[in-house]
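Subject: Structure handover

Hi,

Here is the structure for you to look over. Please open it before reading on.

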Amino acid sequence: MTISTQTPPGEFSASTQDGTYPRPQLVRRHWHELAGAWGFAFDDADEGEGAHWYRRPHFDRSIQVPFPFESAASGIQDTGFHRTIWYARSFGGEALAAAGFEQDPSRPQRLHLHFGAVDYRARVWVDSSFLGEHEGGQTPFSFDITDVLDPAKTDHTVVVRAVDDPLDAAQPRGKQDWRLEPHSIWYHRTSGIWQPVWLESTAPTAVTLLHWLPDRTAGTVTARVTLNRRPPAGSVLSYALTFEGAPVAELSHPVTEAVSSATIVLPARANGQAYEELLWSPETPRLIDATVRLTTAGTAVDEVHSYLGLRSVAATGGRFLLNDRPYYVRSVLQQGYWPESHLASPSPASLRRDVELIKDLGFNATRVHQKIEDPRFLYWADRLGLLVWGEAPGAFGFSADAMRRTTPEWTAVLERDLSHPSIVTWVPINESWGVPHLAHDPAQAAFVRALAALTRAIDPTRPVVSNDGWEHVDSDILTVHDYEADGPVLAARYRDDAALTRLLAGAGPAGRRLVLPGQDSTGRPVLLTEFGGISFPREGAESAAWGYSSAGSTDDFLARLTAVLAAVHESTALAGFCYTQLTDTRQETNGLLDEDRVPKAPIDRLRALIRHGRPD
């Protein structure tokens, strides 16, 4: 299967795109996805590169890309340990044309090969020429392949060697199990290509990165544009912003460097009585369309379509603020895992469906857990209105190598997702994963503080949780994980400010100190970001099914759910919560939905509980 997309002529709205384009905030009209059957081979002896497999990639198996070989959707479904794997795929004139690439000397163009994510380390060749390598299983990368295309060939071949060592504790891996079989809270692995691979053509000078930095109070938006190189003399960048088809603002300016920024004034925001009409929130997810055009000597050489949301977030006075108003966070833990495809979504539509289900259940937020989610999920969160906490997958050990790998990957995540209005909080560490002795090792504490500081340096507009759950060292929001199943006990623990003060002063529910020396707690909002976790396995669930407590029937499940949600809603001190979890995930049968996204109780009753702490 291949997917070729060309947006129709005329006006294009990035804010109402269909959700298939892999990079939704930087859209071009022509692209071609290399999905479907690729040649595939295991390289358990790690001999392929020395044997020059990239020159003769006649692999004996076929895999469906972009699904990991461990999953059923890939057609392989081998969950064993295979550290090194190879892929090969040919593409020809039809693919080049769909990507908008014409090998015409009078019209210079560049052809780019994009990878959404390859877990964990990738080396790439085209027509036997080595393009480069990338490390980091959650972040995108690309290569300009124009100069390596063999002109003597009508069909070209891309070859990928991926390495994903399941035993490497320094590798950020999140919930991917280091044991052969899933256990406890860890699942089968997602190795190799697991997000889209696609071709795209551009002019020799083109936009490669686009950030939108809205200032709600000033009524401005700053555009930060990165080009692939310094533009020729006489180049101009132009911005056109619209809302629901009506002009909002325009700006043009000369550009002489590869990185430039410009502040765009939004005249409609000048009326203080009407300024909220453009604001983004989960209740009113208004998106402003943006077209960015690069011209040189009066000729348009590149045009990209984007969108942005005008909103602000803050954590102060014990509350989470959205658009400078207290906003109670009703969130759910989302693993982003499917039984048939693991961390890869079964289809683009599946990403939209998860956002819709979260909202249908009555939540206004989600915490994507130990995974950097597909940008198309973030697009639907932007468009449909859902707050998102962006959380880094953790390494399992602390070492110089683990820090060397974690830092650039997290930086790349921040760069990729900076402009999504749905993302309102960053979480670089969860439950001291990768820093297990944070409370006693100054080096581990320094690394966590450094990650928090790095996050704020790249993005000073969002709150940062330095370590979700406990052992906070530099958090703007204090978060607690508590799987107490007894409703009255939970209610007493979080009832009011005095109860929270006592809790924060000592060891938390998991026996770990909640606040470490140096963490300022003054005015910090407190959220219960993991609780519940009630197991209610459906027929056919795995024998190892478990949760933090268990229900034996639908009525029992609703009663237990009522107890914990009512306790949380009774609190006058909490700024919000995050329930564990949205769906069953392998042996973790503590979802509100089963692994096929079917609710375990009538959805209207679940929604009432989540919104109000009462079943009706």
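Predicted model: local features only at pLDDT ≥ 70, side-chain atom pairs only at ≥ 80, totals over all residues.

Helix pair α2 and α3

Two packed helices are described by the angle between their axes and the distance between the axes. Start with α2 (residues 348-360) and α3 (residues 375-384). Their axes lie 9 Å apart, at an angle of about 40 degrees. That angle makes α2 oblique to α3. The crossing of α2 over α3 is right-handed. On the α2 side, the contact uses Pro348, Leu351, Arg352, Asp354, Val355, Glu356 and Lys359. On the α3 side, Arg376, Phe377, Trp380, Ala381 and Leu384 take part. By class, 7 of these contact residues are nonpolar and 5 are charged, with no polar ones.

Helix pair α4 and α5

Next come α4 (residues 400-417) and α5 (residues 442-458). Their axes come within 10 Å and cross at roughly 25 degrees. Angles under 35 degrees count as roughly parallel, so α4 and α5 are roughly parallel to each other. α4 also passes α5 in a right-handed crossing. From α4, the contact takes in Met403, Thr406, Thr407, Trp410, Thr411, Leu414 and Glu415. From α5, the partners are Phe447, Leu451, Leu454, Thr455 and Ile458. This contact between α4 and α5 divides into 7 nonpolar, 4 polar and 1 charged residue.

The two sides of α7

Which residues of α7 (residues 497-504) are buried? They are Ala499, Leu500, Leu503 and Leu504. These residues cover an arc of only 130 degrees around the axis, so they sit on the same side of α7. An α-helix has 3.6 residues a turn, so residues three or four places apart point the same way. The buried residues of α7 pack against β28, α6 (487-494) and β29 (526-530). Turned away from that buried side is a face with the exposed residues Asp497, Thr501 and Arg502.

Serine 475

Last, one single residue. Serine 475 is in the loop between α5 and β28 (478-481). Is serine 475 buried or exposed? Its relative accessibility is 0%, so serine 475 counts as buried. What does serine 475 touch, leaving aside residues up to four places away in sequence? The contacts are Arg456, Val464, Val465, Ser466, Asn467, Gln519 and Arg524.

Best wishes

Methods. Residues numbered from 1 in each chain as written. Heavy atoms only, no water. Axes fitted to C-alpha atoms, helices over the stretch in contact; angles between N-to-C directions. Helix = DSSP H or I, 4+ residues; strand = E, 2+ residues; numbered from the N terminus. Parallel < 35°, antiparallel > 145°, perpendicular 65-115°, else oblique. Left-handed = near helix turned anticlockwise from the far one by under 90°. Contact = heavy atoms within 4.5 Å. Nonpolar A, V, L, I, M, F, W, Y, C, P; charged D, E, K, R; others polar. Buried < 20%, exposed > 50% of the residue type's maximum accessible area, 1.4 Å probe, protein only. Arc of directions from axis to C-beta.
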